[in-house]
Amino acid sequence: RGAMVCSVGVRRISLLITLQFVSGTAAFAPPACLRLKRPLSVVSPTRPLCTGQRSLGALKCAIKDIESWEAEFGTLKAPPEAVAARDKTDLFGGFGDMVKGMMGGSDEQTIQASRETEAVRNGPDAGVPLLDGYEIVAEYPHTPESFTQGLWWCEEEQKMYEGSGGTDFSHGTRLSRYDLETGEVEMGRQLPNKFFGEGIVGLGDKVYQLTWRTKVGFVYDRRSMELIGQWKYDYEGWGMTTDGKSLIVSDGTATLHYLDPETLQETKTVVARIKGFKSNQMAPLRRLNDLQYIKGDIYANIWESDRIAVIDPDTGVVWRMIECKGLVDESDPWIQRFSKSDRCLNGLAYDAKGERLFVTGKLWTTIYQIKELPGKGDQMKERAANPYGG
């Protein structure tokens, strides 16, 4: 999900060899990276958020350094081991998974996929989802160097919170709070490089942050952003939202995990399912990324897709899709520096009081407030053979 390692041998240093001759100077550029569309450069893990900004001007810098984060981390109690909740239809539990693995030579991901397919087969049927369009209502500045993994709008503060991942070409893993209108960062935390930040959400006086493959989440005091807790889970962390009672977490598959916000133990899972536009068959909708709970539905980004899925939280049925093709300016030289995977749509937030839906993407320069246009998706783009779009 982050950038793949460049195969030129030197990962984080742009090599420039200069040879001096009597007649002049000759410079030789390094070979191009197969993954990125621009040379890799050294990025300090404590690089201030104010530097390298494009179009945002001079921002107030309020990102605490890594050392302060590590000091707080050192005072935390070790979290209990994760305990996965079992679907009631899974009669054989872990023993059944073991048998499936032995018979099929399957790894954990294959077993998970098999479990999701089984859940969909035993679950409710549904019609083909509506394909909606969008209209841009307003635009707000977004930190271009942020590899966005999660957004959350705080109603009480009227501020935006953002969680980002730590790639070599971004400003690293951070949790920040900023003014939506100006983009000015008011407070934030920088995490060590070993933690790749993922989805975030706030509930009450706490903010929760996932990490990717380290499988540990962090809890912060919302006002001070002091690190006050941690918990473990047994899947990859991707996106997160809340229905006001539970934390709802995605892991890159079709499964949504519900957690008790106090104990941080899993209470249930729901599998997202969709009827194919052309296959007319129910199937798991995988690669669920950032999440946002809106008026009783779960809105989900889909990794490497321009579509947002709207999911019924009780059944997992996807009953609407929002086509966001064309939202980001593909002609922007900044955007063109990165692969489509690294600049994909990701980041959802909702202002319930103002009924404003915000969307952005990794390394985007803009946060968009959009209005959904029911049934207009077909006018923007012909339906694809699969729900992920093209």
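Is Cys154 buried or exposed? Cys154 is buried, with a relative accessible area of 2%. The model is predicted. This briefing covers cysteines, salt bridges, backbone angles and nonpolar cores.

**Cysteines**
- Cys324 is buried as well, at a relative accessible area of 3%.
- The count of disulfides comes to zero, a disulfide being a pair of cysteine sulfur atoms within 2.5 Å.

**Salt bridges**
- Side chains of opposite charge can pair when their charged atoms come close.
- There are 22 salt bridges in the structure.
- One of them joins Arg286 and Glu116, with 2.8 Å between the closest N and O atoms.
- Arg286 sits in the loop between strand E18 (282-284) and strand E19 (288-294), while Glu116 belongs to helix H3 (residues 108-122), so this pair ties together parts 170 residues apart in sequence.
- The two partners have their own accessibility values: Arg286 is partly exposed at 26% relative accessibility, whereas Glu116 is buried at 1%.
- Another salt bridge links Glu355 to Lys295, the closest N and O atoms lying 3.3 Å apart.
- Glu355 is in the loop between strand E23 (345-351) and strand E24 (356-361), and Lys295 is in the loop between E19 and strand E20 (297-302), so the pair connects parts that are 60 residues apart in sequence.
- Both Glu355 and Lys295 are exposed.
- Glu372 pairs with Arg320 in a salt bridge whose closest N and O atoms are 2.6 Å apart.
- Here the partners are in strands: Glu372 in E25 (residues 366-373) and Arg320 in E22 (residues 318-323), so the bridge ties together parts 52 residues apart in sequence.
- Glu372 is partly exposed, with a relative accessible area of 22%, and Arg320 counts as buried at 10%.
- Through salt bridges that share partners, Glu156, Glu157, Asp205, Arg222 and Arg223 form one network.

**Positive phi angles**
- Asn280 is not a glycine, yet its phi is positive, at about 60°.
- Asn280 is located in the loop between strand E17 (273-275) and E18, and it is partly exposed, with a relative accessible area of 46%.
- Leu363, also a residue other than glycine, has a positive phi near 70°.
- Leu363 lies in the loop between E24 and E25, and it is buried, with a relative accessible area of 0%.

**Nonpolar cores**
- The largest nonpolar core comprises 28 residues.
- Tyr299, Ile308, Leu327, Leu357, Val359, Trp364 and Ile370 are the residues with the most contacts inside this core.
- Two or more residues of the core come from each of strand E21 (307-311), helix H4 (333-336), E23, E24 and E25.
- E23 gives the most to this core, namely three residues.
- Leaving aside residues up to four places away in sequence, Tyr299 touches a set of residues that includes Ile308 and Leu357.
- The contacts of Tyr299 also include Arg320 and Glu372, the two partners of the salt bridge with a closest N and O distance of 2.6 Å.
- Among the other residues that Tyr299 touches are Asp290, Leu291, Gln292 and Ile294.

Note on methods
Residues are numbered from 1 along each chain as its sequence is written. This is a predicted model: local features need pLDDT of at least 70, side-chain atom pairs count only at pLDDT 80 or more; totals for chains, interfaces and linings use all residues. Side-chain values use heavy atoms; hydrogens and water are left out. A salt bridge is a side-chain nitrogen of Lys or Arg within 4 Å of a carboxyl oxygen of Asp or Glu. Helices (H or I, at least four residues) and strands (E, at least two) are DSSP runs, numbered from the N terminus. Buried means under 20% relative accessible area, exposed over 50%, partly exposed in between (1.4 Å probe, protein chains only). A nonpolar core is a set of buried Ala, Val, Leu, Ile, Met, Phe, Trp, Tyr and Cys residues joined through side-chain atoms within 4.5 Å. Contact means heavy atoms within 4.5 Å.
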